[in-house]
Amino acid sequence: MSIKSTDNQYIAHTYKRFDIAIVAGKGALCRDDNGKEYIDMTSGIGVNAFGYSDPVWADAVSAQAHLLQHTSNLYYTAPCAELAEILCTRTGMSKVFFCNSGAEANECAVKIARKYAADHKGAEYYNIITFNKSFHGRTLTTLAATGQDGFHHLFTPLTEGFLYADAEDINGFQKLIAENKVAGVLLETIQGEGGVNVMSEGFLKAVGKICAENDIIFMIDEVQTGNGRTGALYSYQNYDLHPDVVTTAKGLAAGLPMGACLMNGKAAEVLSYGDHGSTFGGNPVCAAAAISVLNRMDDAFLEEVQNKGAYIKKRLTDAGYEVSGMGLMIGIKTEKPVSEVIRKCIEGGVLCLSAKDKLRLLPPLIITRDQLDKALNVIIEALR
Ligand SMILES: *Cc1c(COP(=O)(O)O)cnc(C)c1O
């Protein structure tokens, strides 16, 4: 049987796949089982920061796999400790919990906010404010955190205690805080799945200030925006923001499952022995991959991400399209249905994403100017 028919027979139908079976890749290029080559503007939904089969990444992974692949969290391992140190040093956060996905990182964040509030204000302070059009994951708690009704109705009852605010409406946000017993606030500085919606610096700072004044845990979901994607290591570092908790995953190990929940200040000592855990969390192979990823994301690398992002925006706005996003996280308003644009891009050998009704580009951060030009020619043609 072919890859596609075997998959369709045996894999649960949770994914409506495109009619493409990808067999191999190198950098920003990949090819399907017919030998057709594509420029990848998706990087596995913001995961493959260094593209496909990056040799430095592959060496880091394979060296660790040959040395020690897993021990459980009953023991110390070097990659786990080293990665935590790098993350804290590069962000100014002070403690890390490792897990395997974005949803799990957000679960950890919610647990921290609730435990902190229960310890300091009372167990009735369990509410978490998130934002309309947000996306925080697929577990029952992170679905509840996701401010999109479409995700909610199928699996009720979801975890209780989530309230939804509108981005940019600081009065509405303040009202929610005044009228409810709130433990924490969780937001994406740029809503990814929700349409590449950028929250303004003024709004983000106002939310952070209100959280600090009310002793509410301020949590930033950097699952998609993190790990160099916006041209800063974490997007909140583009601004003068001081979150208590930062979650990340996707690009952290550039293609292996790795999530992290970073904590600072009053949030750092909330979890104690036995409060939380994960069998695979901080796995040495994934941690070794993440170390190699972060060590290569120096200032010059991040500046190149900004430059490439600016170049994409310029070409698209020059062509008359409305563009949102930062760095290599880009949303484009389309006149035609976005599914049609994506289909045309595929025909032209370019893989793209959607985010609600926008076309979304999350190319690998190492994409070359030449590859970008070729991809943009196809995309602009497909948008017409
Ligand atoms: C993808 C995503 C998640 C969920 O991550 P998983 O690894 O799929 O659990 C959470 N938050 C944001 C902002 C995301 O983009």
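Cysteine 261 is buried, at 0% relative accessibility; buried here means under 20% relative accessible area, exposed means over 50%, and partly exposed is in between, with a 1.4 Å probe and protein chains only. The closest cysteine sulfur to that of cysteine 261 belongs to cysteine 108, at 3.7 Å, which is too far for a bond. Cysteine 108 is buried as well, with a relative accessible area of 0%. A disulfide is a covalent bond between the sulfur atoms of two cysteines. The cut-off used for a disulfide is a pair of cysteine sulfur atoms within 2.5 Å, and the structure holds zero of them.

A word on the source. This is a predicted model, in which local features need pLDDT of at least 70 and side-chain atom pairs count only at pLDDT 80 or more, while totals for chains, interfaces and linings use all residues. Residues are numbered from 1 along each chain as its sequence is written, and side-chain values use heavy atoms, with hydrogens and water left out.

Now the ligand. Which residues surround the ligand? They are Ser101, Gly102, Ala103, Asn106, Phe135, His136, Gly137, Glu188, Asp221, Val223, Gln224 and Lys250, where a residue is taken as near if one of its heavy atoms lies within 4 Å. By class, the shell has three nonpolar, six polar and three charged residues. In that scheme Ala, Val, Leu, Ile, Met, Phe, Trp, Tyr, Cys and Pro are nonpolar, Asp, Glu, Lys and Arg are charged, and the others, Gly among them, are polar. Helix H5, residues 102-120, gives the most to the shell, with three residues. Helices (H or I, at least four residues) and strands (E, at least two) are DSSP runs, numbered from the N terminus.

Next, polar contacts: pairs of N or O atoms within 3.5 Å, where within protein one must be able to donate a hydrogen and the other to accept it, and residues adjacent in sequence count only if both atoms are side-chain atoms. An oxygen atom of the ligand is 2.6 Å from an N or O atom in the side chain of lysine 250. For aspartate 221, a side-chain N or O atom is 2.8 Å from a ligand nitrogen. A ligand nitrogen is also 3.3 Å from a polar backbone atom of phenylalanine 135. On its own the ligand has 380 Å² of accessible area, and the protein covers 81% of that; the areas come from the Shrake-Rupley method with a 1.4 Å probe, and for residues only the protein chains shown count as cover.

On to threonine 146. It sits in the loop between helix H6 (140-145) and strand E6 (162-165) and is buried, at 0% relative accessible area. Its side chain reaches the backbone nitrogen of histidine 136 at 2.9 Å. Beyond four places in sequence, threonine 146 is in contact, meaning heavy atoms within 4.5 Å, with residues including Phe135, His136 and Gly137.

Serine 324 is in strand E13, residues 323-326. Buried or exposed? Serine 324 is buried, with a relative accessible area of 15%. A polar atom of its side chain lies 2.8 Å from the backbone oxygen of valine 196.

Lysine 344, in helix H11 (residues 338-347), is partly exposed at 37% relative accessibility. Lysine 344 touches Lys336 and Ala382, leaving out residues up to four places away in sequence. Alanine 310, in helix H10 (residues 299-318), is partly exposed, with a relative accessible area of 46%.
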